[in-house]
Amino acid sequence: MEEGPVVLISTFYQGRNNIMTASCTMSMDFSPMVGVMLGPWDCSYRALLKTRECVLAIPGADLLAKTVAIGNCSGAEVDKFAKFKLTPCPAVKVKAPLIGEALKNLECKLIKKLNINGGELFVLQGVAAWHNPAR
């Protein structure tokens, strides 16, 4: 049973933007601290480890099909922003882009990575939050 919402995670690494879908997320406390389970098979896993930053974006129901499709292909093989016609927008405190079509975006810094039963829990601290007033 999943704890939190399905999110899109954007990263910027080696000159490329990427997006992945993550469904295993959780609020860690009353501050903007979020836990996300990732595995080394994800392209974004490596980017997050190297850069120690990302953006968590909350997609609306209208992005459901794109959110599923993003999770079923690899950023190592395709530019997901271009393929799914999503808009990368500049963030303020991280290099990873905001997702223009998302309801909300949370710029995050990686503060800790924990190994849990073969999976890895990335503990992220929110450093800036955005909402899309057009949505």
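Predicted model: local features only at pLDDT ≥ 70, side-chain atom pairs only at ≥ 80, totals over all residues.
Residues are numbered from 1 along each chain as its sequence is written, and side-chain values use heavy atoms, with hydrogens and water left out.

**Entry on the sheet**

I took strands (E, at least two residues) and helices (H or I, at least four) as DSSP runs numbered from the N terminus, and I counted two strands as paired if DSSP finds at least two bridges between them. On that basis I read an open sheet of 7 strands in the order E2-E1-E5-E8-E9-E4-E3, with antiparallel pairing. E2 and strand E3 (25-27) stand at the edges with a single partner strand each, so one side of each has no neighbour in the sheet. Neighbouring strands are turned by 30 degrees against each other on average, direction ignored; here axes are lines fitted to C-alpha atoms, for helices over the stretch in contact, and angles run from 0 to 180 degrees between N-to-C directions.

Strand E4 (residues 33-38) pairs with E9 (residues 119-131) in the antiparallel sense over 6 bridges, where methionine 37 has leucine 121 as its bridge partner and valine 34 stands opposite leucine 124.

I also checked what packs on the sheet: H1 touches E1, E2, E4, E5, E8 and E9, and its direction makes about 60 degrees with that of E1. Helix H2 (residues 64-71) touches E1 and E2, with its direction at about 105 degrees to that of E2.

**Entry on the cores**

I defined a nonpolar core as a set of buried Ala, Val, Leu, Ile, Met, Phe, Trp, Tyr and Cys residues joined through side-chain atoms within 4.5 Å, where buried means under 20% relative accessible area, exposed over 50% and partly exposed in between (1.4 Å probe, protein chains only). The largest such core has 16 residues, and those with the most contacts inside it are Ile9, Val36, Leu38, Leu56 and Leu124. A second, separate core of 10 residues includes Leu8, Ile70, Phe84 and Ala102.

**Entry on single residues**

Tyrosine 13, which has its place in strand E1, counts as partly exposed at 27% relative accessibility. Not counting residues up to four places away in sequence, tyrosine 13 touches Ala47, Lys50 and Thr51, contact meaning heavy atoms within 4.5 Å. The C-alpha atoms of tyrosine 13 and threonine 51 are separated by 7.0 Å, although the two residues are 38 apart along the chain.

I looked for positive phi in residues other than glycine and noted arginine 52, with phi near 60 degrees, in the loop between H1 and E5; arginine 52 is partly exposed at a relative accessible area of 40%. Lysine 85 has a positive phi of about 55 degrees and lies in the loop between helix H3 (80-83) and strand E6 (88-89), where lysine 85 is exposed, with a relative accessible area of 64%.
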